[in-house]
Amino acid sequence: MPPEVEPQLATLIEKPFSSPDWVFEVKWDGMRVLAFLRDGECELRSRRQRAVTSQFPELADLPARLALRQAILDGEAVVLDPQGRPDFARMQQRMNVARPPRSLVDEAPVVYYVFDLLYADGYDLRDVPLIERKRFLQRALRAETPVRFSEHFEERGEELYRVARDTG
């Protein structure tokens, strides 16, 4: 299992587009979190490899939600508003709080949207096409609050953009 990984980052573009060669994902507007799972233990890191496990006690049982013994997940920790939309202002309350009190966890609960599987039980998957990794992740993940599979959309980037814009 690699001791650390570099997550793939989004690419800024001029305008929305659609293409059969692309997979489009929601930008969750939270904090990028890599999850290193080893034999029932969970270590969470920021995209710059800073340990953030203690910041998100809601995710302590993440290994039990995955049908793998060892894995590296890539996702985003997000706080949602009452309508289920990302709320970055509320997420900021959780950022950089090493050991949040129960009251803060209750007030601004984190949901972990997982969108990539980089390593699985002895196999480095970083050279496997993204769409295949996402399909494997979806089968291996027992997603339920506070852990959810982040859906993707093949080909239809302009449509996803319009929906995101129209829903705020």
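The structure is a predicted model, in which local features need pLDDT of at least 70 and side-chain atom pairs count only at pLDDT 80 or more, while totals for chains, interfaces and linings use all residues. Residues are numbered from 1 along each chain as its sequence is written, and side-chain values use heavy atoms, with hydrogens and water left out.

**The whole chain**

Switch to a cartoon view. The protein has four helices and eight strands; here helices (H or I, at least four residues) and strands (E, at least two) are DSSP runs numbered from the N terminus. Followed from the N terminus, the elements run β-β-β-β-α-α-β-β-α-β-β-α. The radius of gyration is 16 Å, close to the 15 Å that the globule rule gives for 168 residues, so the protein is as compact as a globular protein of that length. That radius is taken over C-alpha atoms, and the rule is 2.2 Å times the number of residues to the power 0.38. Along the principal axes, the C-alpha trace spans about 40 × 40 × 25 Å.

Of the 168 residues, 43% count as buried. Buried means under 20% relative accessible area, exposed means over 50%, and partly exposed lies in between (1.4 Å probe, protein chains only).

**An aromatic cluster**

Select Phe17, Trp22 and Phe24, which ring pairs link into a cluster. Rings of Phe, Tyr and Trp (its six-membered ring) pair if their centres lie within 6.5 Å; planes under 30 degrees apart count as stacked, over 60 as edge-to-face and the rest as tilted. The protein has four aromatic pairs by this rule. The ring centres of phenylalanine 17 and phenylalanine 24 are 5.4 Å apart and their planes stand at 70°, so this pair is edge-to-face. Tryptophan 22 and phenylalanine 24 are stacked, with 6.3 Å centre to centre and 25° between the planes. Phenylalanine 24 is buried at 12% relative accessible area, whereas phenylalanine 17 is partly exposed at 25% and tryptophan 22 is partly exposed at 43%.

**Helix H3**

Next, select residues 130–140, which form helix H3. Its buried residues are Ile131, Arg133, Lys134, Leu137 and Ala140. Their cover includes strands S1 (19–25), S4 (70–79), S5 (110–120), S7 (147–149) and S8 (152–155). Beyond the helix, in the loop between H3 and S7, find proline 146. The peptide bond from threonine 145 to proline 146 is cis, with omega near 5°.

**Valine 79**

Move to valine 79 in strand S4, which is buried at 1% relative accessibility. Leaving aside residues up to four places away in sequence, valine 79 touches Arg85, Pro86, Asp87, Arg90, Met91, Arg94, Ala108, Pro109 and Val110. Contact means heavy atoms within 4.5 Å.

**Two loop aspartates**

Finish with aspartate 29, in the loop between S1 and strand S2 (31–38), and aspartate 39, in the loop between S2 and strand S3 (41–46). Aspartate 29 has a positive phi of about 60° although it is not a glycine, and its relative accessible area of 34% makes it partly exposed. Aspartate 39, also not a glycine, has a positive phi of about 45° and is partly exposed at 44%.
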